[in-house]
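The entries follow the order in which I checked them.

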Amino acid sequence: MNEPALRAALAATARESARLGLNPGASGNVSVRLAGGFLITPSGLPNELLGPEQMVVVDMAGQAAGPLKPSSEWRINRDVYRARPEVQAVVHAHSPYAVSLACLRQGLPAFHYMVAAAGGKDIRCADYATFGTQALSDAVLAALRERRACLMANHGLVAVGGSLDAALALAIEVAALCAQY
């Protein structure tokens, strides 16, 4: 896909994440890989109102282009793309049940067979670190080792995939599993 098509798909995914209750208001973020960097949703704007022109380009050095600031969690997205060449998209969500479990600092054990959709026998909860920091990104990368999703202590969830559709579908599944658990 070319950049205009990726911008449109990313904005549509962000709006869908809001519609589904994964990312109310301006919470969470969605990103998609570009050559040399990634597109990410902007900081502080409501997901349900985002359009293609508001997506922010960030290079692998962490430099953003354009008038809008990238999501405060741009480091997580960048570091996932650096560490995981197979990942093409990241969804970071603040769904209510994922946030509830994350605030208890609990992951999901193998209570249901669909936990395996995240790539392993459980879904880990990353250690706590302040939002927007390199420490949080490092904790998320550790929790994602050999996995496609994790919870983030006192925060939410991260799901990754080979496409925006795959990452969003996994985020939806993990949110549902959190509710069931």
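Which side chain meets that of Glu86 in a salt bridge? I found that Arg84 does, at 2.7 Å from N to O, where a salt bridge is a side-chain nitrogen of Lys or Arg within 4 Å of a carboxyl oxygen of Asp or Glu. I noted that this is a predicted model, in which local features need pLDDT of at least 70, side-chain atom pairs count only at pLDDT 80 or more, and totals for chains, interfaces and linings use all residues. Residues are numbered from 1 along each chain as its sequence is written, and side-chain values use heavy atoms, with hydrogens and water left out.

I then looked up accessibility (buried is under 20% relative accessible area, exposed over 50%, partly exposed in between, with a 1.4 Å probe and protein chains only). Glu86 is partly exposed at 46%, whereas Arg84 counts as buried at 17%.

Next I listed salt bridges, of which the structure holds six. Arg78 and Asp79 form one of them, at 2.9 Å from N to O, and both residues are buried. Asp79 also pairs with Arg82, with the closest N and O atoms 3.9 Å apart, and shared partners join Arg78, Asp79 and Arg82 into one network.

Last, I checked helices H3 (residues 96-103) and H5 (residues 164-180), helices being DSSP runs of H or I with at least four residues, numbered from the N terminus. Tyr97, Ala98 and Leu101 in H3 meet Ala175, Cys178 and Ala179 in H5, contact meaning heavy atoms within 4.5 Å.

Methods
Axes are lines fitted to C-alpha atoms, for helices over the stretch in contact, and angles run from 0 to 180 degrees between N-to-C directions. Helices (H or I, at least four residues) and strands (E, at least two) are DSSP runs, numbered from the N terminus.
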